[in-house]
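This report describes selected structural features of a protein model. The sequence and coordinates are shown first, and the discussion follows.

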Amino acid sequence: MNILLVDDEKKFVVMLAKRLELRGFQVSFVNTGMDAVQLVKTGEKFDIAVLDVKMPGIGGIELRRELHRRDPDMKFIFLTGHGSDNDYSIGAGEATQYLPKPIKIDVFVETLLKVAGND
Amino acid sequence: VIADNGTQVAYAGPFNLKGKDYSSQPWFLECRQHKACVSETFSGYRDVPHIVVAVRSVRPDGRFFVLRMTLDTERLIQALSSYNTGEHTDIFLTNRQGLMQTPSRFYQGAAHQLTIPLPAYSDRTKALVSNDPDGQPIVIGYAFINTKIVPTSFVLMVVKQKQGMMKVWLDLRSKINWFLFTSSLIIVLVIFLTASFMVSKMFDADREKAKTMVAAEQNGQLASIGQLAAGVAHEINNPLALINETAGYIKDLFTIKKQYGDDPELIEHINSIIETVERCGIITRQLLGFSRHFDVQIQGIHLKNMVFDVLNFYKKEAEYRDIAIHTDIPDEIPLIKTDRGKLQQILLNLVNNAFHALDNGGLLDVRANLDDGGKRVCLAIRDDGCGISEASLSKVFEPFFTTKKEGKGTGLGLSITYGLVKKLYGEIAVQSQLGKGTTFTVTLPIQAERDFSG
């Protein structure tokens, strides 16, 4: 499974990517929305994009629309510092899944498998 | 009928007196001399007090006869007492020598003699002021009674005690005084009760208003604390996530790669890091939960009613200070889907600010109109008060900025208002000219949409 991580916290994505790789996922990561768009433009295919909601420049919500436009098959998971499941900053129907930071790795892997399996 | 020798010749009545000789009776003797006679009260043969009226008639042969009629004195007494003369008044008949002819209540002395002096003769009804035997002033009305044929010896006297006459008047006067006193007492009582009722009503209303203002301010302050808490939690969650993933990665190395698995102490330390992060996560979640109490609760709101509700709080102050309040909120503005408490507080804060800026006799103008093709509503609150200088204007929404005297303003009112408007996905703007007045314009979506700014 090919996964794209987008978060402006550099060390955080590195660690998260390493942990996912250890669990058998194929992971790419970038720190801005622009880089994510650039990466998708090169033609690389991702099954799931994991996006931080709050980022400088292009935020997670906007980035999701952009990526979805370029690859309608792509699934999305949002990460946010707002620690609750019904965060009002997420528009209804916009997010496929939503996880509060800090995340639990088991829950995260479970969510990835669930989102991918929804195909 | 009595013949000229004094013998009764005919009789009609209850007593059989035929043949009696009246030749020596004073009234008979008087009748012989004069044409007629009205006697005084006397007890005749029957020993019953009565009055005799006798008329002499001369026959063509020169002899005469007398027609005599007897009147029971009791009837006369009844007739007199039937006059309702009042308790200090006496009415009676006397003769010209002062001998009582009918009984008197007050002025009857020994041997039926009148105890007050008899007034001098007058052929007309007269009145005079005199004194009774006890020296009390009295008013006497009297008439010497004459018939057309002969004078009688009767005198009708009405005697009124002056004191008694006054008593009726005094009684009336004291009654009126009592009535006036009682009614003024009742009026004073009613005024007092009404006034104290109104005063307590006003007092209650003022206290209610103060309470609402304090609650609104507190709510505003709590809302800003909530926003602060949410911001703090959000900022802490990111570094926590980094610690979490780093420690997790180290743990992964131990558990998945196996090459470090021989050191149980290291694993223990790493577990303690992860547990601590989890604890921090719980704390930040609680902080966010706290801020969520002040989250938006959407409901349909009738803007016109709400503006009137808010202005109602200031109605009395406006009256005191002679401030005119104009409102123009068109009826075509639909129900606004937004948070009632927050919108109310925005209005309260802005109207409150306007009232602080306004001089006595000023004007507050609140008007609304639809904007953005009916998707948004524009609410303008304008005062013609002191205005804000250009230097201050850019800072009015900043926290802790105030132009009010020290201790008067927290400097949070407008910044809280700004935060609230933002929460409702609206915009707030200010225009002002020093000395001319200030206008705050709040633009709100009719349907409070959720934005995605994270």
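## Helix packing in chain A

Which residues in α1(A) meet which residues in α4(A)? On the α1(A) side they are L16(A), R19(A) and L20(A), and on the α4(A) side they are I105(A), F108(A), V109(A) and L112(A). The model is predicted, and the values reported here are computed from it.

Two packed helices are described by the angle between their axes and the distance between the axes. Helix α1 of chain A covers residues 10–22 and helix α4 of chain A covers residues 105–117; they pack at an angle of about 65°, with their axes 12 Å apart. Because angles of 65 to 115 degrees count as roughly perpendicular, α1(A) and α4(A) are roughly perpendicular to each other. Their crossing is right-handed.

Chain B contains nine helices and 16 strands. Of its 454 residues, 36% are buried. Its accessible surface comes to about 27,200 Å², and carbon and sulfur atoms hold 57% of that area.

Among the contacts in chain B with a separation of 6 or more, 55% are between residues 24 or more positions apart.

In soluble globular proteins, nonpolar side chains tend to be buried together. In this model, the largest nonpolar core has 43 residues, and those with the most contacts inside it are L303(B), V307(B), L350(B), L364(B), V377(B) and L379(B). Two or more residues come from each of the helices α5 (303–313), α7 (340–357) and α9 (413–423) and the strands β13 (363–371), β14 (376–383), β15 (427–433) and β16 (437–445) of chain B. The most is given by α7(B), with eight residues.

Setting aside residues up to four places away in sequence, L379(B) touches L303(B), V307(B), L347(B), V366(B), R367(B), A368(B), F440(B), T441(B) and V442(B). A second, separate core has 23 residues, including F25(A), I48(A), F108(A) and L112(A). Of these, F108(A) and L112(A) are also among the α4(A) residues that meet α1(A).

Is Y107(B) buried or exposed? Its relative accessibility is 2%, so Y107(B) counts as buried, the cut-off being under 20%. Y107(B) lies in the loop between β6 (89–95) and β7 (126–131) of chain B.

Beyond residues up to four places away in sequence, the contacts of Y107(B) include F92(B), M100(B), L114(B), I116(B), P133(B), I138(B) and V159(B).

Methods:
Residues numbered from 1 in each chain as written. Chains lettered and ligands numbered in written order. Predicted model: local features only at pLDDT ≥ 70, side-chain atom pairs only at ≥ 80, totals over all residues. Heavy atoms only, no water. Helix = DSSP H or I, 4+ residues; strand = E, 2+ residues; numbered from the N terminus. Buried < 20%, exposed > 50% of the residue type's maximum accessible area, 1.4 Å probe, protein only. Contact = heavy atoms within 4.5 Å. Areas by Shrake-Rupley, 256 points an atom, 1.4 Å probe, with all protein chains shown as cover. Core = buried A, V, L, I, M, F, W, Y, C linked by side-chain atoms within 4.5 Å. Axes fitted to C-alpha atoms, helices over the stretch in contact; angles between N-to-C directions. Parallel < 35°, antiparallel > 145°, perpendicular 65-115°, else oblique. Left-handed = near helix turned anticlockwise from the far one by under 90°.
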